[in-house]
Every structure is written in C-alpha cells, then in structure tokens.
Amino acid sequence: MLLSLRGVSKSFGAVHALQDVDLDVLAGKVTALVGDNGAGKSTLVKTVAGTWQPTSGEIFWKDQRTSIRTPRDADALGIATVYQDLALCDNLDIVQNMFLGHERLRFRLLDENAMERAARGTLAELSVTTVRSVRQLVASLSGGQRQSVAVARAVMRDAQLVIMDEPTAALGVSQTAQVLALIRTLADRGIGVLLISHNLNDVFSVADRIAVLYLGRLVHSGDVAGYTPQRVVEIITTGTLATAAT
Ligand SMILES: Nc1ncnc2c1ncn2[C@@H]1O[C@H](COP(=O)(O)OP(=O)(O)OP(=O)(O)O)[C@@H](O)[C@H]1O
Ligand SMILES: [Mg+2]
C-alpha cells in the first residue's frame, strides 16, 4: 500500500472534521475522495500534505508508520499536492515555475537549457500538447494548462503520490478532459493519485476506487465498478445506502 490512514481524526475545537478515518491509496490507481461540502475532504488532504497534524490516528507510507509534520516532510516522502488555486507564480514562465526552489546550476549559473529541455520533456511525457512554448508566462495559460504545469512539476520532482483537490472545478469541457487524461497518464505511470472531486462524471470516468466522506467519517470505499453514480449520490447525501447492494 502506498498510503494508509488508520483511525485518523482531526478536530478544530468542537468541530470534528475527521473522525476515525481509514483510507488506503494504491500506487498506479486513481482513488477518488468524494463527499458533500464540509465533509472533511480538504481537511484530509491537508493532513496528508503536512499542513495539519491529526488529532489522533496513524499514517503509513509504504507500510511504514510515519508522521508528516510539515509540507516539507510530505515533499521528502514524494507526496505532491496540487491545489485548485495552484500556487504557481504568474510572473514567471513555465520553466521557472517547474524549477522554482530547485533550479539547476552549471558552473554556478542557472542551466537554462537543461531546465528547458527537462520541462519540455516532462510535458511531452505527460502528453501535454496544448502549451505552445515553455517560455510562456504562466499568467497567459488557461486553467487546464496551469493544472498541467503544476502536475508536471510534481512529476519532475519524482512525486509518488499526487493529490488533487477539485482540479476541474473551474475548468471548461475540453480543459476538464485534458486534466482527466493527465490524471490517467499519471496512474498509468505507476503514480498514486488521490482525486478530490464534486463531479461524479469526472470520478466515474477516471477513478479506479472511490471513498466517501460523510460528516467527517469515511462511510464507504471500494472499486468504482461496484457503484453507480446514483448510489454514490445517496451515500454522499445520507451517509448510507437504504437499499442493499445488488
Ligand atoms: N481551519 C479550520 N478551523 C476550523 N474549522 C475548520 C477548519 N478547516 C475546516 N474546518 C471545518 O471542518 C469541516 C470540514 O471542512 P473541509 O474544508 O475539510 O470540508 P470539504 O469536504 O473540503 O468541503 P468542500 O467540499 O466545501 O470543500 C467543516 O465543518 C469546516 O468548517
Ligand atoms: Mg474542500
């Protein structure tokens, strides 16, 4: 198992944002995490990303118990989080964004050619074809292209788990398709993907597994093939299935 949460709880004062959550994320698979507003999805992401510490419970990385105290700890393990608002720098170009904080040097100077080649290569590997030039400013990119650059940065830094919180929420139809294709490519390369989404079309088109949070509790999880969108909606809204699975 790539990442496992066991009995993870996170409280903010009297608010129990996560309660006794067990979750497994596999390498090479897309695991979708769904749930209504306030169900605890972003809190779970931030707990794995090192923003929050769990109030109780354990986190395992490749079956070893670990603690992720800071975003730096998550980064060192190989966990990359791509947030909706993305934390890219608008005033820098694609190459500069992909190497921000990890610039390559040659004779103590920035090795622009090597960075440009690596950036172009990673985007090509991920089949990102809509970006005209890696020297374009990120400010000039579409939402889908920005997602692609953020994901390419994670891949270039050898992320083994990529977490995406609502990656398609602000995107149009073709940009959404582009990001979903990218998510599939990541999984096919053996990377584990944890996809947070409200959009069940996205979930059913790209995810292998699904986990449902309801009021901070993980109430259902399993292979997507075992669910229909209608059933998932029922679990999201009621926390349970009134009818037995057939
Ligand atoms: N920093 C915080 N301080 C206090 N309460 C918080 C904090 N962050 C989240 N919460 C509470 O924890 C619960 C879960 O919030 P969270 O943001 O994880 O939900 P979510 O599933 O991501 O919702 P959405 O779909 O709206 O993004 C909510 O009740 C929220 O008010
Ligand atoms: Mg959220």
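Just after helix α6, glycine 190 has a positive phi of about 95°. Helices (H or I, at least four residues) and strands (E, at least two) are DSSP runs, numbered from the N terminus. This is a predicted model, where local features need pLDDT of at least 70, side-chain atom pairs count only at pLDDT 80 or more, and totals for chains, interfaces and linings use all residues. Residues are numbered from 1 along each chain as its sequence is written, while chains are lettered from A and ligands numbered from 1 in the order in which they are written.

Back to α6. Among its buried residues (20 or more other C-beta atoms within 10 Å of a residue's own, C-beta atoms being placed from the backbone) are Val179, Leu182 and Leu186. The buried residues of α6 pack against β3, α5, β9, β10 and α7 (contact means C-beta atoms, placed from the backbone, within 7 Å).

Now the sheet. It is open and mixed, with six strands in the order β6-β9-β10-β3-β11-β12. Strands pair if DSSP finds at least two bridges between them. β6 and β12 are at the edges with a single partner strand each, so one side of each has no neighbour in the sheet. β11 and β12 run antiparallel, joined by six bridges. Within that pair, alanine 211 is opposite serine 221 of β12.

Last, ligand 1. Which residues surround ligand 1? They are Phe12, Val15, Ala17, Gly35, Asn37, Gly38, Ala39, Gly40, Lys41, Ser42 and Thr43, where near means a C-beta atom, placed from the backbone, within 6 Å. Helix α1 gives the largest share of this shell, three residues.

Key:
A residue is buried if 20 or more other C-beta atoms lie within 10 Å of its own, exposed if 12 or fewer, and partly exposed in between; C-beta atoms are placed from the backbone. Two residues are in contact if their C-beta atoms, placed from the backbone, lie within 7 Å.
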